[in-house]
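Hello,

Here is the structure I promised to hand over. Please open it first, and then read on for what turned up.

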Amino acid sequence: MTTNFGSRTSHGEAPSPARALDKLSRIPVLREKYLDHTAGGSAPDLFDLPTLGRDELGRAIDTLVRTDPSALTRASLHVMGGTRSTMRMGAVPADLYLDEIAPHVRPFEPGDLFTTLGTPFHMRACQDLHNGLAARAGVPTLSMDAPTDQMIDAYLELFERHGVNALGTTLDTFRSLLRYCAASGRDLGFLHKVLWSGPAMDAATRSLIRTYFPHLRTWSLFGSSETWIIGHSGPDCANDTLHPLPHQFTEIVDGRMLVTVVHEKAVVPLLRYETGVEAEWAACACGLPGPAVRTHSRIDAPMGPLSRVVSPLDLVPLALRLDSVEAAQVVLVDPHTEDERLHLRVRLRPETQPDLYTGEWIRQHVLSESLGLSEATEEAPESFEVIVSRHMLRERPDGTAPDFLVREGGRLQTPSISIQNQGSYDTFST
């Protein structure tokens with residue numbers, strides 16, 4: 001059932017938020033947010049509740065980790081990014097909702113040999129989920145770290161030699177493998193199936209597969225580190241389209257996807273959580289019953305791949321901790337392209353004399369304090385640069401300037417607050 005509320009639509013019957021509200025209101029950092037909705041005697045309507053943001057949820061989980069770890073019994077915790085002093089964590093049930101997901105995602109069959117390629121931070125949990133799905137199907141698994149560009153050949157030779165025909169990874173890693181093989185003329189005939197967690201299939205990746213590897217069949221588990229898996233798509237699904245899983249409740253409000261999770265397994269319930277994804281209800285040609293959701297931005301990194309384990313807005317306060325820095329600003333250049341990079345612009349205090357090493361010293365400080373940035377830029381150090389300048393971009397007469405800007409094709413724009421607030425695979429870090 002799809003319910004329409006003007007600019008708000010939802011599918012299915014809205015769950016009662018009463019139990020979730022009771023649990024959330026016991027967390028100090030969320031108590032005031034829900035105070036007006038827990039004070040009355042009658043249970044509130046879900047659609048009357050405020051939306052929940054990523055930073056709010058991160059602070060709530062951090063509070064539980066520090067003050068009430070017993071509330072996280074049977075939880076799988078994972079680092080979502082942040083800094084050494086403001087770590088952001090996600091929490092999902094230890095069984096990763098396997099019982100709820102497995103009936104809807106069935107890529108495996110007897111005789112398959114499945115290899116997973118892990119990546120840093122919370123994507124490790126996705127690797128566990130992939131292995132769990134394979135185990136349910138009685139398929140043996142081989143778990144490895146994602147290869148560097150220099151190791152792709154060696155990995156593929158190993159897979160082919162040992163009969164690996166199914167791969168579980170991230171979309172970025174999968175796309176890197178495809179591009180490498182397409183450019184080198186390498187055959188991927190031994191590989192039949194690919195499963196990833198993060199975004200649904202996009203048009204560019206599908207075109208790459210159809211052009212060079214038309215035999216490949218793909219499945220995706222769509223979600224974020226906070227919501228976990230929201231939906232799924234299969235080999236016959238339309239681009240950028242997912243089928244919501246029934247243990248969650250999905251709304252689309254003014255073009256934004258909200259997700260509610262009040263399942264009894266939920267470590268921290270989610271009430272109208274802002275996924276940071278632009279979306280609309282749609283039909284999918286695959287034939288699965290019920291409406292599908294077509295997404296218009298990537299949930300795994302709304303601002304680009306670097307933002308999966310690095311929230312650009314974390315870098316400004318890190319720079320301002322230094323006595324020599326008067327102002328700082330992050331510019332994300334050409335997101336979602338092979339040339340994507342982060343620029344940290346800094347204005348030094350008048351008494352600080354810039355020299356050859358100032359920018360590099362600031363860069364090393366930020367790298368050491370930001371969780372994930374060092375690893376994310378290890379193979380491409382040029383993707384993160386500190387620029388010492390007398391002026392910030394779009395500086396106002398009073399000397400202030402936006403903390404975060406995006407430059408695409410030479411054009412500067414200031415992202416909306418809702419997109420800025422997503423930061424990192426909010427993100428599924430892929």
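Helices (H or I, at least four residues) and strands (E, at least two) are DSSP runs, numbered from the N terminus. On that basis, the protein chain holds 13 helices and 20 strands. Please keep in mind that this is a predicted model, where local features need pLDDT of at least 70 and side-chain atom pairs count only at pLDDT 80 or more, while totals for chains, interfaces and linings use all residues. Residues are numbered from 1 along each chain as its sequence is written, and side-chain values use heavy atoms, with hydrogens and water left out.

First, the overall shape. The radius of gyration is taken over C-alpha atoms, and the globule rule is 2.2 Å times the number of residues to the power 0.38. For 430 residues, a compact globule would come out near 22 Å, and the protein chain agrees because its own value is 22 Å. Along the principal axes, the C-alpha atoms of the protein chain fill a box of roughly 70 × 65 × 40 Å.

Next, the surface. Accessible areas come from the Shrake-Rupley method with a 1.4 Å probe, and for residues only the protein chains shown count as cover. The protein chain has an accessible surface of about 18,900 Å², with 50% of it belonging to carbon and sulfur atoms. A residue is called buried under 20% relative accessible area, exposed over 50%, and partly exposed in between (1.4 Å probe, protein chains only). By this rule, 55% of the 430 residues of the protein chain are buried.

Now to the interior. A nonpolar core is a set of buried Ala, Val, Leu, Ile, Met, Phe, Trp, Tyr and Cys residues joined through side-chain atoms within 4.5 Å. The largest such core has 58 residues, and Ile101, Leu129, Leu133, Trp228 and Met257 have the most contacts inside it. Strand E14 (residues 270–282) supplies the largest share of this core, 6 residues. There is also a second, separate core of 23 residues, with Met144, Trp196, Ile209 and Leu216 among them.

Which residues does Leu133 touch, leaving aside its neighbours within four places in sequence? With contact meaning heavy atoms within 4.5 Å, the partners of Leu133 are Leu98, Ile101, Ala102, Val105, Phe108, Leu195 and Leu221.

- Trp228 sits in strand E10 (residues 228–233) and is buried, with a relative accessible area of 1%. Its phi is near 65°, a positive value in a residue other than glycine.
- Arg272 belongs to strand E14 and counts as buried at 6% relative accessibility. Although Arg272 is not a glycine, its phi is positive, at about 55°.
- Thr250 is part of strand E12 (residues 249–253) and is buried, at 4% relative accessibility. Not counting residues up to four places away in sequence, Thr250 touches several others, including His11, Met257 and Trp281.
- Cys126 lies in helix H6 (residues 123–136) and is buried, with a relative accessible area of 0%. Cys126 and Gly198 are 72 residues apart in sequence, and their C-alpha atoms are 9.2 Å apart in space.
- Gln353 is in the loop between strand E17 (341–348) and helix H11 (358–369), and counts as exposed at 60% relative accessibility. From Gln353 to Ser324 there are 29 residues in sequence and 9.1 Å in space, C-alpha to C-alpha.

Best wishes
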